[in-house]
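Please look over the sequence and the three-dimensional view before reading on.

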Amino acid sequence: MQAQKYILIKSSYTLEDAEHTTYGIALADGSALIESVNGLSCDKQRVERLAELCTKLDLSPEHLSDVIEDFLAE
């Protein structure tokens with residue numbers, strides 16, 4: 001079992017009286033968050049797949065910004 005895991009995080013904001021939800025990714029080590037990036041996409045499943053893949057591949061935190069850059073370019 002891996003100690004570190006990438007997880008989905010949810011953020012909400014209100015714009016012009018309408019609530020919007022976006023999803024991001026965080027690296028957790030047990031109950032501690034090591035690094036997080038909010039507001040990547042409104043597509044929950046897409047961000048979940050990214051988090052699962054990062055965990056499966058045991059992505060180093062130093063490469064997270066590169067992965068997110070590629071994710072946003074798609």
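The sections below describe the strands, the first helix, a salt bridge and some individual residues.

The structure shown here is a predicted model.

## The strands and their hairpins

Strand 1 and strand 2 are paired in the antiparallel sense, over 12 bridges. Within this pairing, T14 stands opposite E19 of strand 2. The two strands form a hairpin with 2 residues between them, and E16 takes a positive phi there, near 50°. D17 belongs to the loop between strand 1 and strand 2. Its phi is likewise positive, near 65°, although D17 is a residue other than glycine. D17 is exposed, having a relative accessible area of 80%.

Strand 2 also pairs with strand 3, again in the antiparallel sense, over 6 bridges. Here L27 stands opposite E35 of strand 3. The hairpin made by strand 2 and strand 3 has 2 residues between the strands, and G30 in the turn has a positive phi of about 70°.

## Helix 1 and its buried side

Helix 1 covers residues 44-56, which makes 13 residues. From the first C-alpha to the last, helix 1 reaches 18 Å, close to the 18 Å expected at 1.5 Å a residue. Which residues of helix 1 are buried? They are V47, L50, A51, C54 and T55. These residues lie on the same side of helix 1, because they cover an arc of only 130° around the axis.

On the face of helix 1 turned away from the buried side, the exposed residues E52 and K56 are found.

## The two ends of helix 1

At the start of helix 1, a side-chain oxygen of D43 comes to within 3.3 Å of the backbone nitrogen of Q45. D43 takes part in another contact as well: the side chain of S41 reaches the backbone nitrogen of D43 at 2.9 Å.

After helix 1 comes D58, with a positive phi near 55°. D58 is not a glycine, and its place is in the loop between helix 1 and helix 2.

## S41, a buried residue of strand 3

S41 is located in strand 3. Is S41 buried or exposed? S41 counts as buried, because its relative accessibility is 13% and the cut-off for a buried residue is under 20%.

Leaving aside residues up to four places away in sequence, S41 touches T22, Y23, R46, V47 and F71.

## The salt bridge

How many salt bridges does the structure hold? The structure holds 1. The bridge is formed by R46 and E74, whose closest N and O atoms are 3.2 Å apart. R46 lies in helix 1 and E74 in the segment after helix 2, so the pair ties together parts that are 28 residues apart in sequence.

The two partners can also be described by their accessibility. R46 counts as partly exposed, at 22% relative accessibility. E74 is exposed, with a relative accessible area of 71%.

## Two pairs separated along the chain

S65 is found in helix 2 and is partly exposed, with a relative accessible area of 48%. Between S65 and V37 there are 28 residues of separation in sequence, while their C-alpha atoms are 9.0 Å apart in space.

A32 lies in strand 3, and with a relative accessible area of 40% A32 is partly exposed. A32 and Q4 are 28 residues apart along the chain, and a distance of 9.6 Å separates their C-alpha atoms.

Terms used:
Residues numbered from 1 in each chain as written. Heavy atoms only, no water. Helix = DSSP H or I, 4+ residues; strand = E, 2+ residues; numbered from the N terminus. Expected span 1.5 Å × (residues − 1). Buried < 20%, exposed > 50% of the residue type's maximum accessible area, 1.4 Å probe, protein only. Arc of directions from axis to C-beta. Polar contact = N/O pair within 3.5 Å; in protein donor to acceptor, adjacent residues only side chain to side chain. Pairing = 2+ DSSP bridges. Salt bridge = Lys/Arg side-chain N within 4 Å of Asp/Glu carboxyl O. Contact = heavy atoms within 4.5 Å.
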